[in-house]
Amino acid sequence: MRKLADVIEETVYRMDGTPVPVELYCHPVKMGDRRAIQSYIRDITEKKAIEEKHQAVVKEINELSATIVPIMNETAVLPLTGKIDQEKAGQILAVIPEKVQKQKLNHLIIDFSGIYTFDRVVIDSLFKINRVLSLLGVKTIVTGLRPGMAIEAAHMHMDLSEIPAMADVKEALSYLGVHSTQSS
């Protein structure tokens with residue numbers, strides 16, 4: 001009676017048995033000399049539908065951001081864009097190994113030129129993807145790291161030396177022995 005309760009989500013059922021998601025809030029009140037509990041119940045069906053649509057859109061965006069672009073037999077590029085948060089990193093880690101196996105890749109170039117923030121989540125994701133892919137026999141090469149990102153990695157005392165890093169995809173392809181047929 002002395003402590004305010006938290007708002008909780010619950011399911012209630014209509015007379016016809018239809019479930020309804022609701023927010024339920026109860027708090028103590030005093031009515032004269034008597035103590036009572038006042039409850040508020042709010043239908044959140046619409047709110048839940050909006051949340052589900054939002055989650056579906058986020059999932060779709062994360063899947064698109066984990067698109068592997070084949071550039072030749074056994075080699076592809078994973079262009080990363082935007083901000084990588086914990087959810088996006090988890091999605092990439094969950095999707096990439098399967099995509100790599102389906103495409104029978106030996107090399108995956110992970111291009112960071114579309115990433116503007118470099119934090120512990122990005123670094124941890126990079127190491128996890130590299131470890132998982134190396135267990136599958138796939139070698140990774142990192143491209144597109146900006147000077148600010150490299151400085152940030154150094155500030156975090158992260159050793160990225162186990163993963164080959166190149167300035168761009170063209171340099172990574174040259175590293176793999178693929179040379180352009182065009183003359184400069």
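This is a predicted model: local features need pLDDT of at least 70, side-chain atom pairs count only at pLDDT 80 or more; totals for chains, interfaces and linings use all residues.
Me: OK. What is the strand order in the open sheet of three strands?
Reply: The order is β1-β2-β3, and the pairing is antiparallel.

Me: Which are the edge strands?
Reply: β1 (8–13) and β3 (34–43), each of which pairs on one side only. From one strand to the next, the twist averages 45 degrees.

Me: How many bridges between β1 and β2?
Reply: Six, in the antiparallel sense, with β2 covering residues 19–31. As one example, I8 has L24 in β2 as its bridge partner.

Me: Which aromatic rings pair up?
Reply: Y25 and Y40 form a stacked pair, with 6.2 Å from centre to centre and 20 degrees between the planes. Y25 sits in strand β2 and Y40 in strand β3, 15 residues apart. The count of aromatic pairs comes to one.

Me: And why is Y25 called partly exposed?
Reply: Because its relative accessibility is 23%, and buried means under 20%, exposed over 50%. Y40 also counts as partly exposed, because its relative accessibility is 42%.

Me: Switching to β7. Mostly covered or mostly exposed?
Reply: Mostly covered: four of the five residues in β7 (residues 139–143) are buried.

Me: What does β6 do with β7?
Reply: β6 (residues 107–115) and β7 pair in the parallel sense over five bridges. I109 stands opposite I141 in β7.

Me: How many bridges join β7 to β8?
Reply: Two, and β7 and β8 (residues 165–166) run parallel. V142 has A165 in β8 as its bridge partner. Between β7 and β8 the chain passes through helix α4 (residues 147–155), and this β-α-β crossover is right-handed.

Me: Now α2. What span should it have?
Reply: Helix α2 (residues 86–102) has 17 residues, so at 1.5 Å a residue it should span 24 Å. The end C-alpha atoms of α2 are 25 Å apart, which agrees.

Me: Where is the kink in α2?
Reply: At I96, shortly before the proline P97, and it is about 25 degrees. Both I96 and P97 are among the buried residues of α2.

Me: Which other residues of α2 are buried?
Reply: K88, A89, Q91, I92, V95 and V100.

Me: What comes just after α2?
Reply: K104, which takes a positive phi of about 50 degrees.

Key. Residues are numbered from 1 along each chain as its sequence is written. Side-chain values use heavy atoms; hydrogens and water are left out. Two strands pair if DSSP finds at least two bridges between them. Axes are lines fitted to C-alpha atoms, for helices over the stretch in contact, and angles run from 0 to 180 degrees between N-to-C directions. Buried means under 20% relative accessible area, exposed over 50%, partly exposed in between (1.4 Å probe, protein chains only). A crossover is right-handed if, with the strands pointing away from the viewer, the path from the first strand over the helix to the second runs clockwise. The expected span of a helix is 1.5 Å times one less than its number of residues. The bend at a residue is the angle between axes fitted to the seven residues ending there and the seven starting there. Rings of Phe, Tyr and Trp (its six-membered ring) pair if their centres lie within 6.5 Å; planes under 30 degrees apart count as stacked, over 60 as edge-to-face and the rest as tilted.
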